[in-house]
Amino acid sequence: MDNGNEVLNYTKEERKNHILKEINLHTRVSFETLSAKLGVSEDTVRRDINELESESLLIKVKGGAMTKGYHYSSSNQTYAVEAKQVIAEKTAGLLHDGMVLLIDGGTTIREFIRLIPNDLNLTVFTITALSAVQLLDKPNIKTIMIGGSISSYSQMCVSGDVFHQLANIKADLLVFGTNALDVEGGYSDSDWETVQVKKAMIKASRKTAILTISEKLNTVLKMKIANLSEVDYIITELNPDDKKLQPYKTPDLVII
């Protein structure tokens, strides 16, 4: 990866700004990834992250850091919230009475749940405790939590029980947030357990919708979840005719 050469001469403040940008964009980033991108040691990255946490700008997690907006206590600090609200409104347009949904979690999914009409009758399976709690505010939604041990990385249930339960579901629509999406690299993430559960979620659904702000387009993380050929909808805040979306257009993929 050549990114590090671009930032080797960053000042400390520029380096910290770069760290914040990466974490806000990809939700969670490891010390290892930031070290490679910045061309500095992991110890230097840890010191920068310690300072950023002391300034209440991010949250340290095992092996890296997480955006504050993803934490349950910080819903008013969501990154790119206006773009995510546009995406949520578009996604709500896919819903109809009686649907069975499968959803994960994250800040874009949080905006989507807020915009689900209160009079809509749905059954929603989720692997994320925070999504399940938020869904309880919707009077006509039957919420089913797929349980197991919870990943500190993704805040999703990731144990063996989850795979067994997903194998017995066939949802009408899977609604996913994403950390990275690319024409060649597909839908990707950085955590092995999270990737395996998301693959199982795709198998448990008839159609799959990926929700992403446009800044995450043309980015790739370490582990592929799916090729774009396995996805039915990509939903961004952009107009579907925007030139940034043109490479993603195929006869079988709907851009919203």
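Accessible areas come from the Shrake-Rupley method with a 1.4 Å probe; for residues, only the protein chains shown count as cover.

**View 1. The whole chain, as a predicted model.**
The accessible surface of the chain is about 11900 Å², and 49% of this belongs to carbon and sulfur atoms. Local features need pLDDT of at least 70 and side-chain atom pairs pLDDT 80 or more, while totals for chains, interfaces and linings use all residues. Numbering runs from 1 along each chain as its sequence is written, and side-chain values use heavy atoms, without hydrogens and water. The chain holds nine helices and 13 strands. Helices (H or I, at least four residues) and strands (E, at least two) are DSSP runs, numbered from the N terminus. The radius of gyration is 18 Å, close to the 18 Å of the globule rule for 256 residues, so the chain is as compact as a globular protein of that length. That radius is taken over C-alpha atoms, and the rule is 2.2 Å times the number of residues to the power 0.38. Along the principal axes, the C-alpha atoms fill a box of roughly 55 × 40 × 30 Å.

**View 2. Burial and contacts across the chain.**
Of the 256 residues, 53% are buried. Buried means under 20% relative accessible area, with exposed over 50% and partly exposed in between (1.4 Å probe, protein chains only). Contact means heavy atoms within 4.5 Å. Among contacts between residues at least 6 apart in sequence, 62% join residues at least 24 apart.

**View 3. An open sheet of three strands, in the order E1-E3-E2.**
Pairing is antiparallel. Neighbouring strands are turned by 25° against each other on average, direction ignored. Axes are lines fitted to C-alpha atoms, for helices over the stretch in contact; angles run from 0 to 180 degrees between N-to-C directions. Two strands pair if DSSP finds at least two bridges between them. E1 and strand E3 (residues 64-67) pair over three bridges. Val-29 stands opposite Ala-65 in E3.

**View 4. Two helices packed on the sheet.**
Helix H2 (residues 12-26) touches E1, E2 and E3. The direction of H2 makes about 125° with that of E1. Helix H4 (residues 42-54) touches E2 and E3. The direction of H4 makes about 130° with that of E2.

**View 5. Glu-22 in helix H2.**
Glu-22 is buried, because its relative accessible area is 10%. Leaving aside neighbours within four places in sequence, Glu-22 is in contact with Thr-27, Val-29, Leu-34 and Lys-37.
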